[in-house]
Amino acid sequence: MTDRPTPSEPRPESDPESDPESESVPEPRPDPETRPEPEPRSVDRPTADVWAALGGPAELLDRVSFQGPQGGLPSGLPVRRLARATVAACSLAAAELAAHRGGGPVPAVRVDEGAVATSFVSERHLEIDGRKPVSFAPLSGFWRTADGWIRTHANYPHHRDRLLAALGLVSDAGPEQLAEALGKLPAEEVQERAYEAGALAVAVAPVSTAVHPLVECREVGFAPVRPLEAVPVDRPAAGIRVLDVSRVISGPVATRTLALLGADVLRIDSPRLPEADDAHADTGFGKRSTSLDLADPADRATFEGLLDTADVVVSGYRPGALDAHGLAPEALFERRPDLILAQLCAWGWTGPWAGRRGFDSLVQAGVGIAAHEASPDGRPGVLPAQALDHGTGYLLAAAVLRALTEQRTHRPGGRHLRFSLAGTASWLLHGIQPEPTDAPNPGTEPYDAARWLTGADSAYGRLRYALPPLGYDGAPADWARPPVRWGTDAPIWL
């Protein structure tokens with residue numbers, strides 16, 4: 001990470017993600033019966049590659065088709081193909097589990113690309129009582145350094161405080177003071193100072209040649225798993241208990257999807273690390289939320305009780321960060337050999353950066369996406385969505401659904417699933433070919449996000465939000481309930 005794009009004039013650069021377009025949105029969900037259905041399009045190579053990485057039966061791919069507008073995620077990289085492939089794989093995994101639990105054939109999967117594009121920027125479309133959330137704080141963004149560019153992430157107060165302290169700035173310093181300090185320092189020096197201080201800043205690097213695996217799926221031992229009763233096709237995960245120990249976007253998107261499909265998802269956070277209300281309002285649909293301090297003996301005992309009867313644990317922390325609390329994979333599988341453990345991290349599971357904190361925007365900077373998408377004057381650019389977060393979230397949910405099926409049709413026992421934003425990024429950069437010029441049935445329908453937005457009352461107020469993009473015959477059209485306020489549920493299973 002030593003070469004950098006040629007810099008231009010010093011100034012902070014905010015993401016397009018922080019400037020959502022304004023739309024006029026009808027409150028009720030549009031009735032699909034009132035719209036003409038475009039001709040479906042055939043499955044593409046990325047969808048087949050994802051399905052193969054998940055261990056899915058190749059013969060099921062002929063169940064998948066695509067329809068709808070293609071213009072929702074414009075980019076110099078194949079973001080649209082990544083988005084629709086991850087959602088298609090998740091939809092097919094849900095359909096496969098639905099068929100297993102219902103005894104019928106695997107339902108046809110029809111993915112609407114407009115719904116996919118809208119859901120991949122769900123945090124931008126969210127409104128709470130008519131107010132649009134702020135995606136990025138004033139000290140988050142691209143900044144000119146003495147020899148290049150740096151990307152900072154200071155949305156959480158503790159990360160903001162650590163960044164300012166690492167640079168020797170006063171606690172109430174604003175963008176102007178930050179820009180002045182960063183302009184005097186080399187980008188990698190800022191990066192390493194921030195890392196040592198527990199802050200978040202990554203030097204903008206050229207496109208990386210490193211390749212991380214997209215999905216790692218491992219069978220763990222042999223142990224009986226509890227049988228699953230028959231359920232309706234729209235609730236293939238009904239009765240599955242999911243402990244959600246993840247934050248921000250990627251993990252919560254995965255568990256939001258599992259909740260959509262009927263799972264009992266209980267998100268657990270430390271009371272010392274509150275989640276932003278806007279973030280939780282976006283990703284909390286269908287789930288419950290509680291707070292437990294694992295360093296407190298009573299809370300730890302409560303957590304252990306929940307773990308005893310959980311089917312799935314989703315963890316979104318750095319490798320090793322939760323090991324001291326008994327959540328190392330080996331400890332979990334020794335205790336629960338039938339468990340499905342799905343882990344995700346930012347920078348991959350091996351290498352010198354594996355233990356570093358990270359977010360989608362920082363990984364985009366560190367692996368070269370920001371440089372690839374740079375403007376002609378050299379200013380770093382961004383993807384049209386936090387596609388690494390959302391894509392990894394749907395991948396994780398798909399892998400969990402497939403693991404539930406495989407435990408009961410292939411080999412009972414535990415499953416260890418691992419994902420990283422860097423893995424999804426390297427797939428985007430090196431593993432997905434651009435759209436073929438002779439692709440069948442190119443979409444000509446105009447993209448209008450309003451068609452995939454709806455509204456509901458919640459504990460946070462009146463929400464406008466993006467509908468879920470999963471598409472198979474009989475799939476749920478919306479979540480069963482809106483988000484609850486963060487940390488307000490009892491730590492119990494339903």
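Mentor: The following account takes the sheet and then the helices. This is a predicted model, in which local features need pLDDT of at least 70, side-chain atom pairs count only at pLDDT 80 or more, and totals for chains, interfaces and linings use all residues. Residues are numbered from 1 along each chain as its sequence is written, and side-chain values use heavy atoms, with hydrogens and water left out.

The open sheet has seven strands in the order S7-S13-S12-S11-S8-S9-S10, with mixed pairing. Strands (E, at least two residues) and helices (H or I, at least four) are DSSP runs, numbered from the N terminus; two strands pair if DSSP finds at least two bridges between them. Strands S7 (216-220) and S10 (288-291) stand at the edges with a single partner strand each, so one side of each lacks a neighbour in the sheet. Strands S11 (residues 312-315) and S12 (residues 340-345) pair in the parallel sense over four bridges, and Val312 has Ile340 in S12 as its bridge partner.

Helix H12 (residues 360-367) packs against helix H15 (residues 421-431) at about 50°, their axes 10 Å apart. Axes are lines fitted to C-alpha atoms, for helices over the stretch in contact, and angles run from 0 to 180 degrees between N-to-C directions. Asp360, Val363 and Val367 in H12 meet Leu421, Ala422, Ala425 and Leu429 in H15, where contact means heavy atoms within 4.5 Å.
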